[in-house]
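Here are my notes on the model you sent. They are in numbered points, to be read with the structure open.

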Amino acid sequence: MSLTSTELFTPQLPFTSHSCAFRIGDYQDSDFATFAQPLPAKLSRAVAKRKAEYLAGRHCASQALKALGLPHTIIASAESRAPIWPVGIQGTITHTRELAMAMVCDDPAILGLGIDLERKMSLKQEQELQTQILAKAEQPAFERLGQAHTCPLTLIFSAKESIYKALYPVVQRFFGFEAACLMEYSDNQLFFTLTETLHETLPQGTRVSVYFQYNDELVLTECCLRADV
């Protein structure tokens, strides 16, 4: 399997990133050795899709870290499946249907990073999945967002994925989509408010912003948690 560097989007956060394209149908277990990444024991019996996505994501992370000046790095997974980054590094990995991307930074003021790539939902999915992703309190902002963008539910879903990834290094526990409520948006950001206290530094009412952009097929969202949030 080849991992071909590709510029999917120009990230809006000012951090180092790397993205690649791959073909799941070309995957072989020997690809892990080719890209100097270990095949985790817990993935030994996983389907080719899961292995290929894992490898592509870890390769993107390794390449992004190299761009920061670090040597080739193996990013293992915690029990929670969250990546274990080198000391002093915050990072995030995402993949969707034969595309992968990672972003990293070594800024001590950044406590967490989250990015998420999604294929745009169909209109039918956008209509059917609203109750699973949206809270009633979000409906007014969602309706306004839908007047300006063709994929409002995809944007919100992706943004909440990015929020989870960005806040997890501090929160250190699972929290659901209902923990963040969409309040408003701008041309390139969605603004959420936390509906519950997730950590002493992230009390109920904390405002969280997420950058977004999209093309005909894909959505990219980006979120970072700063020490001065």
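1. Start with what covers the buried residues of helix H5. The cover includes helix H4 (130-133), helix H6 (152-171), strand E6 (180-185) and strand E7 (189-194). This is a predicted model. H5 itself spans residues 139-148, and Ala141, Phe142 and Leu145 are buried there. These residues lie on the same side of H5, because they cover an arc of only 100 degrees around the axis.

2. Next, the packing of H5 on H6. Two packed helices are described by the angle between their axes and the distance between the axes. Here the axes come within 8 Å and cross at roughly 120 degrees. H5 and H6 are therefore oblique to each other. On the H5 side, the contact is made by Phe142, Leu145 and Gly146. H6 contributes Pro152, Leu153, Leu155 and Ile156. Note that Phe142 and Leu145 of H5 are also buried.

3. Now the nonpolar cores. In soluble globular proteins, nonpolar side chains tend to be buried together. The largest nonpolar core in this model has 31 residues. Which of them touch the most other members? They are Ile156, Ile163, Leu167, Leu190, Phe192, Leu198 and Leu202. H5, H6, E6, E7, E8 and E9 each supply at least two residues of this core. H6 gives the most, with nine residues.

4. Take isoleucine 163 as a worked case. Leave aside its neighbours within four places in sequence. Isoleucine 163 is then in contact with Phe175, Ala180, Phe192, Val208, Val210 and Cys223. Of these, Phe192 is also listed among the core residues that touch the most other members.

5. There is a second, separate core. It has 23 residues, including Cys20, Tyr27, Phe32 and Ile93.

6. Strand E9 deserves a look. It covers residues 218-226, and eight of its nine residues are buried. Strand E5 (residues 110-119) pairs with E9 in the antiparallel sense, over nine bridges. In that pairing, isoleucine 110 stands opposite arginine 226. Strand E8 (residues 207-214) also runs antiparallel to E9, joined by four bridges. There, tyrosine 211 stands opposite glutamate 222. A hairpin of three residues joins E8 to E9.

7. Strands of a sheet pair through backbone hydrogen bonds, either parallel or antiparallel. This sheet has four strands in the order E1-E2-E4-E3, with antiparallel pairing. Strand E1 (4-5) and strand E3 (90-95) stand at the edges, each with a single partner strand, so one side of each is left without a neighbour in the sheet. Strand E2 (residues 16-21) and strand E4 (residues 99-105) are joined by six bridges and run antiparallel. Histidine 18 has alanine 102 in E4 as its bridge partner.

8. Last, alanine 48. Alanine 48 is found in helix H2 (residues 48-67). Beyond its neighbours within four places in sequence, alanine 48 is in contact with Ile24 and Tyr27. Alanine 48 and tyrosine 27 are 21 residues apart in sequence, yet their C-alpha atoms are 6.6 Å apart in space. Tyr27 is one of the residues of the second core.

Conventions
Residues are numbered from 1 along each chain as its sequence is written. This is a predicted model: local features need pLDDT of at least 70, side-chain atom pairs count only at pLDDT 80 or more; totals for chains, interfaces and linings use all residues. Side-chain values use heavy atoms; hydrogens and water are left out. Buried means under 20% relative accessible area, exposed over 50%, partly exposed in between (1.4 Å probe, protein chains only). Two strands pair if DSSP finds at least two bridges between them. The arc is that of the directions from the helix axis to the C-beta atoms. Contact means heavy atoms within 4.5 Å. A nonpolar core is a set of buried Ala, Val, Leu, Ile, Met, Phe, Trp, Tyr and Cys residues joined through side-chain atoms within 4.5 Å. Axes are lines fitted to C-alpha atoms, for helices over the stretch in contact, and angles run from 0 to 180 degrees between N-to-C directions. Angles under 35 degrees count as roughly parallel, over 145 as roughly antiparallel, 65 to 115 as roughly perpendicular and the rest as oblique.
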